[in-house]
Amino acid sequence: MAGRGKLIAVIGDEDTVTGFLLGGIGELNKNRKPNFLVVEKDTSITEIEETFKSFLARNDIAIILINQFIAEMIRHAIDAHMESIPAVLEIPSKEHPYDASKDSILRRAKGMFSAEDFR
């Protein structure tokens, strides 16, 4: 992996994942495992969580992008992740707007600073 850099992984609805794949993020690792998961109506929460945990365990992934409405399904697993790499970023989808109050990264950041730090 030296010299190649790290990957971005995506867990999202079909439109989100397709957009990122068209942007060139799609990769297979040496075990032929993809760095993306398309979540459909029949995708189980267990499958989503297992995929998320497998992305966390891979040393070739630096960022995991996940649609916020999907992140809500596995919130306990996302909140349990405390490492800085891979970074887990929640993104909106076409049908589900972004809600900053649900974003685990922003909630953690708010706890680090007080209002007086910005005066």
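Guide: Let's begin with asparagine 35, which sits in the loop that links helix 1 to strand 2. This is a predicted model, so please read every distance and angle here as computed from predicted coordinates. Asparagine 35 has a relative accessible area of 0%, and it therefore counts as buried, the cut-off being under 20%. A polar atom of its side chain lies 2.9 Å from the backbone nitrogen of glutamate 27. Beyond its neighbours within four places in sequence, asparagine 35 is in contact with Leu7, Ile8, Ala9 and Val10, with Ile25, Gly26 and Glu27, and with Phe55 and Arg58.

The loop between helix 1 and strand 2 also holds asparagine 29. With a relative accessibility of 17%, asparagine 29 counts as buried. Its side chain reaches the backbone nitrogen of lysine 33 at 2.8 Å, and a polar atom of that side chain lies 3.0 Å from the backbone nitrogen of asparagine 31. Leaving aside neighbours within four places in sequence, asparagine 29 is in contact with Arg58 and Asp60. Asparagine 29 and arginine 58 are 29 residues apart in sequence, and their C-alpha atoms are 9.3 Å apart in space.

Arginine 32 is another residue of the loop between helix 1 and strand 2. At 62% relative accessibility, arginine 32 is exposed, because the cut-off for that is over 50%. Its phi is near 65°, a positive value in a residue other than glycine.

Now for the elements on either side of the loop. Strand 1 (residues 7-12), helix 1 (residues 14-22) and strand 2 together make a right-handed β-α-β unit. Within helix 1 you will find threonine 16, which is buried at a relative accessible area of 12%. The side chains of threonine 16 and asparagine 67 are joined by a polar contact of 3.3 Å. Leaving aside neighbours within four places in sequence, the contacts of threonine 16 are Val10, Asn67, Ile91, Pro92 and Ser93.

Strand 1 is mostly covered, with 5 of its 6 residues buried. It pairs in the parallel sense with strand 2 (residues 36-38) over 3 bridges, and isoleucine 11 has leucine 37 of strand 2 as its bridge partner. Strand 1 also pairs with strand 3 (residues 61-67), again in the parallel sense, over 5 bridges. There, valine 10 stands opposite leucine 65 of strand 3.

Stepping back, 4 strands form an open sheet with parallel pairing, in the order 2-1-3-4. Strand 2 and strand 4 (87-91) are the edge strands, each pairing on one side only. From one strand to the next, the twist averages 20°. Strand 3 and strand 4 pair in the parallel sense over 5 bridges, with isoleucine 64 opposite valine 88 of strand 4. Helix 2 (residues 45-57) packs on this sheet and touches strand 1, strand 2, strand 3 and strand 4; its direction makes about 170° with that of strand 1.

One more loop is worth a stop. Proline 86 is found between helix 4 (75-80) and strand 4. The peptide bond that leads from isoleucine 85 into proline 86 is cis, with omega near 0°.

Finally, the nonpolar cores. The largest nonpolar core has 17 residues, and those that touch the most other members are Ile11, Ile48, Phe52, Ile64, Ile66, Ile74 and Ile78. Strand 1, helix 2, strand 3, helix 3 (68-71) and helix 4 each give two or more residues to this core. Apart from it lies another core of 5 residues, among them Val10, Val17, Leu65 and Ile91.

Key:
Residues numbered from 1 in each chain as written. Predicted model: local features only at pLDDT ≥ 70, side-chain atom pairs only at ≥ 80, totals over all residues. Heavy atoms only, no water. Buried < 20%, exposed > 50% of the residue type's maximum accessible area, 1.4 Å probe, protein only. Pairing = 2+ DSSP bridges. Right-handed = clockwise from strand over helix to strand, strands pointing away. Polar contact = N/O pair within 3.5 Å; in protein donor to acceptor, adjacent residues only side chain to side chain. Contact = heavy atoms within 4.5 Å. Axes fitted to C-alpha atoms, helices over the stretch in contact; angles between N-to-C directions. Core = buried A, V, L, I, M, F, W, Y, C linked by side-chain atoms within 4.5 Å.
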